[in-house]
Amino acid sequence: MTSHGTKRKRSNEASGSSAKRPDKSSQELTTDLIMKQTKDVIKKIKQNIAVQDSTDLKAYIIDQISNMDMMNKSNTNRKKVTIGIFGRSGEGKSSLLNAVLGERYLLPSGSSGACTAITTQVEGNLSDSNYTADIEFISKEEWDSQLKDLLLDLSDKTEDKNDDMTKIAIEKITALYGANAFKKTLEELKKDAKSAKIDELLQKEKMPISHSNGSNFAKEISKFIQHSRSNPGNWYWPIVKSVAIKIPNPLLEHIVFVDIPGTGDCNKTRDSLWKSKLGECSVVWIVSAINRGTTDEDPWEILKHCVYYMTQAGECKSINFIFTKTDDIDPEEYIRNEWPSEEEKPDKDLKTACIRKRNICSKEAVRESFENSKLKKKMTLNIFTVSTRAFFDKTLCLEHSDTEIPKLQDFLKNLNNSINKDLARDYVNEAKGILSLIKSVQSETGNVVQTGVHNKLEQNLCKALEKLGWQFDMLCCVLEKCLSDGVEESERLCLTSACSIISPNLPHGKGGFHKILKALCKNDGYHWSNAWGIDLDLNMALSQHMHKNIEEEFDSIFPVHCKTGKSVQEQIEKFSIIQSDTEHPRASMFYHIDNFIKREEIKLKRKLKRDVIERKKEISLSITNMIKDAMVPYYAKAAHFHGTGSMKKMQNTLTEAIQNLEHDMFKQAKAEVLRKFRDLEQHIKDTLESGLQRAILLLSETDKIKLGKRDSYLVQSN
């Protein structure tokens, strides 16, 4: 491949085309050339094979070529990189995304705290030039239950009422029904003229929106993701579960943005959704206004709260910390408070100099915080300082590059290029496998020799599977020991851990804990307290000792972005039924057999790589899920207590439940982790065994398919 790339590049340099496309690397040119050659060869093979032929060999080739056509044309099955965006309302998330995508007013900004509980997803529309959205609503039953609870929160006139939940109740009701609607009774709200439209939307479950014009599209979706305090009523975000947006933009070819909510909403449906989205994130963007970004703990606290779902139960590899509103600065004030000395004060372009100076200092501060955090072991860090306003408004003082929006756009382009190279590599690998298979069965070597080769491959397969089993046995022993320690520690400390959630030391001046506890019980053990600025997760508190005891080994067995020497993925990569020290002449049958088997192994391993990531998430989550399942009946029981003494009854119910369950639920969680790990082992073995056995059987076919010299060369040279 390298030799082809060099020739192509020199040819371009001679013709002057390299000057026109200086950003096109020789590797990309090589990929283009190989893809073109490969498609030509595959087209020729397709013409030489009749669909009605029923031999296993021809059926296999037809099937593989069909899959390759789908791989090349289909947008729906392409790999996607999910980028999660964190940040409080007002930090400039929507403006940032609009600027990066070059659509100044596409996404309206949410102005309400509770509104941020909606999960909003943005990806590319690769089918046509329309702007589309799917609005998914919560169920009517769920909204009816929520509305009753909101009105109960508003009716609380005691000194111990929860101001945070009262504020959320007012925001939701006024958003839907209009000003002062929060003063109405349930019956009055149901008779309100707006109730008919609300019920209509709730019955739909999903509502599609499509426009060819981005401005009209933005206006229509705003009522589902935005809130206006100056014009309340007919804002439907309180009944929205999620919003999935698609826009015609090449930067989103393989990328999905997900706005991750930073606050809970006493809503099991939304809670489950955003946690699942966290597990899909390969990258996170933390967005914070620069005037408080270096000291603001909120983004880091949200990330700390979510890091388990993104790493141990996810696949996140990197963080982009993004400072926004960098042009919002008073130069004189900044110089007075932050400039090193009067002598260094710039003579001209004072504001630009201050912006650049603050940008540098802010990046250094965040990098220092990151270097001293546990996140460093799990993720890599990039830092950007952006001004979306200066990016769109050329009259402002900043250079285009100083806005750093182009850097973020380059970041997305590089992600897309990387995935496109992976897709091209997979396509070419499939073609090479087909070509090697054809060449191997074209050999005139006797069947006796071929039979001996196939028998040897069968033996190698048995040995390789046996060796893989030994590796999994060792990994399972390590996990079992860590889990046993975790069970012992959990049984000893679970009640103490639970009390920090069930009966905490209340923050000074914070009341209404009985309502927070009730929300936690109604939400199956989880509630994010906006007023306290913390998340309350009883299931995680109960499972924390098991997670802590397996974390180090689990990260070694399922690392996110590095080799550990004993990871599952590394065991799969080492698996092969080809003798590594065996070399054959390129024209021989043995060379083509080895080449075909290697290509099949590569294909199977790439499929398993995705499977391992998904199964890893299930294995990690099984600890907390088993504990949650055991606790759910008691959460439901506790949630039904009302009136005087209800908080004490809820606390007693949960405490007694933990005491009753502690001897069984942790052992059951351990057993579930080990069961799922063994299931993963069996899935890997079955996939490799069935895939390679079929490959070995195909090699026994004697059908001849003609190849031209150029096609044969492509097989031999790669």
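This is a predicted model: local features need pLDDT of at least 70, side-chain atom pairs count only at pLDDT 80 or more; totals for chains, interfaces and linings use all residues.
**Helices, loops and cysteines**

Visitor: Which residues of H22 does H19 meet?

Guide: The crossing of these two helices is left-handed. On the H19 side, the residues involved are Lys518, Leu520, Cys521 and Lys522. They meet three residues in H22: Tyr635, Ala638 and Ala639.

Visitor: How far apart are the end C-alpha atoms of helix H17?

Guide: Helix H17 covers residues 405–441, which is 37 residues. At 1.5 Å a residue, H17 should span 54 Å. The distance in the model agrees with this, because the end C-alpha atoms are separated by 55 Å.

Visitor: How many of the 37 residues of H17 are buried?

Guide: A residue counts as buried when its relative accessible area is under 20%. H17 is mostly covered. The number of its residues that are buried is 27.

Visitor: Is Glu404 buried or exposed?

Guide: Glu404 sits in the loop between helix H16 (388–392) and H17. Most residues other than glycine have a negative phi, but Glu404, which is not a glycine, has a positive phi of about 60 degrees. Its relative accessibility is 7%, and the cut-off is 20%, so Glu404 counts as buried.

Visitor: Which residues is Asp402 in contact with, leaving aside its neighbours within four places in sequence?

Guide: Asp402 is in the loop between H16 and H17, and it is buried, with a relative accessible area of 17%. In sequence, Asp402 and Thr326 are 76 residues apart, yet their C-alpha atoms are 9.5 Å apart. The contacts of Asp402 are with Thr352, Arg356 and Thr385.

Visitor: Which residues does Cys397 touch, not counting those up to four places away in sequence?

Guide: Cys397 is found in the loop between H16 and H17. Its relative accessible area is 38%, so Cys397 is partly exposed. Its C-alpha atom is separated by 9.9 Å from that of Ile355, which is 42 residues away along the chain. The residues that Cys397 touches are Lys351, Thr352 and Ile355.

Visitor: How many disulfides are there?

Guide: A disulfide is a covalent bond between the sulfur atoms of two cysteines. To be counted, the two sulfur atoms must be within 2.5 Å. The count of disulfides comes to 0.

Visitor: How far from Cys476 is the nearest cysteine sulfur?

Guide: Cys476 is buried, with a relative accessible area of 10%. It is in no disulfide. The nearest cysteine sulfur belongs to Cys477, at a distance of 6.5 Å.

Visitor: What percentage of the residues in the protein is buried?

Guide: The secondary structure comes to 24 helices and 11 strands. Of the contacts with a separation of 6 or more, 80% are between residues 24 or more positions apart. The protein has 718 residues, and the buried share is 52%.

Definitions and conventions: Residues are numbered from 1 along each chain as its sequence is written. Side-chain values use heavy atoms; hydrogens and water are left out. Helices (H or I, at least four residues) and strands (E, at least two) are DSSP runs, numbered from the N terminus. The expected span of a helix is 1.5 Å times one less than its number of residues. Buried means under 20% relative accessible area, exposed over 50%, partly exposed in between (1.4 Å probe, protein chains only). A crossing is left-handed if the near helix is turned anticlockwise from the far one by less than a right angle, and right-handed if clockwise. Contact means heavy atoms within 4.5 Å.
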